[in-house]
Amino acid sequence: MRLLVVEDEVRIAEILRKSLGKAGFAVDSLASCGDAQAALGVCTYDAMILDLGLPDGDGLALLGRLRSGGDQTPILVLTPRDAIEDRVNGLDAGADDYLVKPFAMTELIARTKALLRRPGGALGTTLKAGNVNFDTIGRDVTIGSVPLLLPRRESAILEHLMRRLGRVVPKLVLEEKLYGIDDELESNAIPVHIHHLRRKFADAGAAAEIHTVRGLGYLLTETKA
Amino acid sequence: MIQTRFRSLQMRLAVRLAIPYIIAMAIGVGFLVYQAYDTAGTLNDRDLNLRAIDIARYVSPDPDDKPLLNLPAKLAAAYQSSADMFAVRDARGQIIAASPPSFGTLVAAWPPATDDASYFRLKNFGSESEDYYGLSVGLESAAGPLSISVAQAAGANALVSALLREFVFDVAWVIPLLVLATLVIGVLAIRSGLRPIRDVSEMAAAIGPNTTSVRLPVDNLPSEVTPLVSAVNRALDRLEQGFALQRKFTANAAHELRTPLAIITGALDVMEGNGELAKLKSDVSRMNRLVDQLLRVARLDGVAMDVSNEVDLNEIAANTVAAMAPWAVAQERAIIFDGLDRQVLVTGNGHAIEDALRNLIENAILHSPPQTEVTVRVSPERSINVVDAGPGISPGDRELIFERFWRGKAVASGGAGLGLSIVREIMNAHQGSISVEANPNGGAVFTLHFPRAAGLESSTQSI
């Protein structure tokens, strides 16, 4: 799994390299737009982490050039907190996700993995949360090494929660996903499925929890060690 | 107070006008009274002269060729009063006639009168012990030269008193009134002339750290004051620059702190260690939050926020709650979104409103005990409530908490005391307000309230 990190701050680049390396990625680190574009011309990367404030130009411009040139590499943009409009611009320019500086390294790794898990992404097949594994092709779920059998609707809900690990999945989104499976959806269908999933997780000793954000949706987190 | 009143330009001018007015009035009235007396005296003298001539006309020689006074009855009756006296002497000084006779006795001792009238005064004379004023004059008559003395009681000077009375009552009383009217007009003129200065003073009094861009208008001011006001304006320019520099410094400092902080944060994440490391991480995250807030403050101070967009409070609140829910769950608090199924439109800046709400939610979660709930409620009346189950805010602190760098007794939360001041500034920029009340079930309720959206027919619209 090869990542390109474009970050001009030497120490931050070093830390990114080190921690992403520890997480099992091969990391190339560059410090300017020019170098990045040159590198992308010769190598293929599974994802790119792009800082917006670079010495030889705006990261957003590079992003625009890459996308208009047909480059589909998943890109995670790093943006300073006070440049709040940048993140909107960044997403408009074709970034796949953004993180606000300063960020927790665990968050960066999780987001990077999420990018790679997207359809067509390098990690496309297996989703992971704690000791819960979800194979999106075989639709097999294992907790630890024990397989967990799930009905189709529950597995669809779990897939979405796992794709958005650590983030709120609105109940509306889940309902839309289920409409495809079952056109006659009960109004309390989602809560019922979530309830079943929770019980199965607890029974199987899953190191992941489904939290309810009342009024909004659901949130899957890894259980703290 | 009295001191300051007399220090006012208006009062000074009034006093300085009033003093010469009163002096001029006193001189003017005095002069007029003097003139009146003088005129009256002259008239009196002429009157006495005429009387003397009158009497001389009625002196004629008797058969013995001696002069004899033969006054007509009417005139004789007039001289019966004690107020008027006369004495007629012949060329040899013999009294021909006198009324009363005591006057004749007195006059007999006097040297004969000349053609030039001589005036005299008598004190305490006669039966009534009155003061008299009179003249002696030598006159020709049918019976030869005569010395005639005529006198009149001073108090009986009817002409003079009549003149004076007429003057004082008909004319002189107008003068103080005129002076008073002039003074009042003067004071009013000064007041209206000074009004622009008062207006400018009021404007100047309202200038504070948040309104450093205000300048005092010089258009309508008297030219004498314009240099002063211009100088004040230039001083304000310099102050504003100072303020801007200060803000820029804060922003730059916070900005510069961010990179080393990001490095420390990242490095700590990579390190493996014991409980000390976890503490260090929480210290660093607190510092991150502080730097973050400083930057937000600097941004609020520095640039005018664009609050002209039409935004949906319901959507903003939902997004903010969704963004903060993972953090809340990590803090072992539940967060509840009590939204609406329709839009609540206001004009404002969505990012800023999100900032404000995030600050409130952060506070609510940090100040409430674990396993409790924080509720974010959107109401159709363009407000967002954040309800927590924490210790609440004591009534005495409810205004203080919005001050910059104010921290309650619960310093343990590790806040810098900037969050709520940021919220208030954001709400001020939206012409809205933030308030805090006690939650009936314990804890606090913070409310962001937005004004009715300008240009929108209805602020809540069904989707």
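Start with chain B and select Ala317(B) and Val321(B). These two residues touch the most other members of the largest nonpolar core, which has 111 residues. Keep in mind that the model is predicted.

Next, stay on Ala317(B) and show what surrounds it. Which residues is Ala317(B) in contact with, leaving aside its neighbours within four places in sequence? Select Phe337(B), Gly339(B), Leu357(B), Val376(B), Val378(B) and Ile384(B). Another core lies apart from the largest one and has 24 residues. To find this core of 24, select Leu48(B), Met85(B), Val137(B) and Leu146(B), which are among its members.

Now go to where the two chains meet. Here 25 residues of chain A are in contact with 26 residues of chain B. On the side of chain A that touches chain B, select helix H1 (10–22), helix H5 (105–117), strand S13 (208–213) and strand S14 (217–222), each of which supplies at least two residues. H1(A) gives the largest share, 5 residues. Colour this side of chain A by class: 11 residues are nonpolar, 6 polar and 8 charged.

The last stop is helix H3 of chain A, residues 59–68. Select its buried residues: Gly59(A), Leu60(A), Leu62(A), Leu63(A) and Leu66(A). Then turn the view to look down the axis of H3(A). The buried residues fall within an arc of 160 degrees, so they line one face of the helix. An α-helix has 3.6 residues a turn, so residues three or four places apart point the same way. Finish on Gly70(A), which follows H3(A) and has a positive phi, near 85 degrees.

Notes:
Residues numbered from 1 in each chain as written. Chains lettered and ligands numbered in written order. Predicted model: local features only at pLDDT ≥ 70, side-chain atom pairs only at ≥ 80, totals over all residues. Contact = placed C-beta atoms within 7 Å. Helix = DSSP H or I, 4+ residues; strand = E, 2+ residues; numbered from the N terminus. Nonpolar A, V, L, I, M, F, W, Y, C, P; charged D, E, K, R; others polar. Buried ≥ 20, exposed ≤ 12 C-beta atoms within 10 Å, placed from the backbone. Arc of directions from axis to C-beta. Core = buried A, V, L, I, M, F, W, Y, C linked by C-beta atoms within 7 Å.
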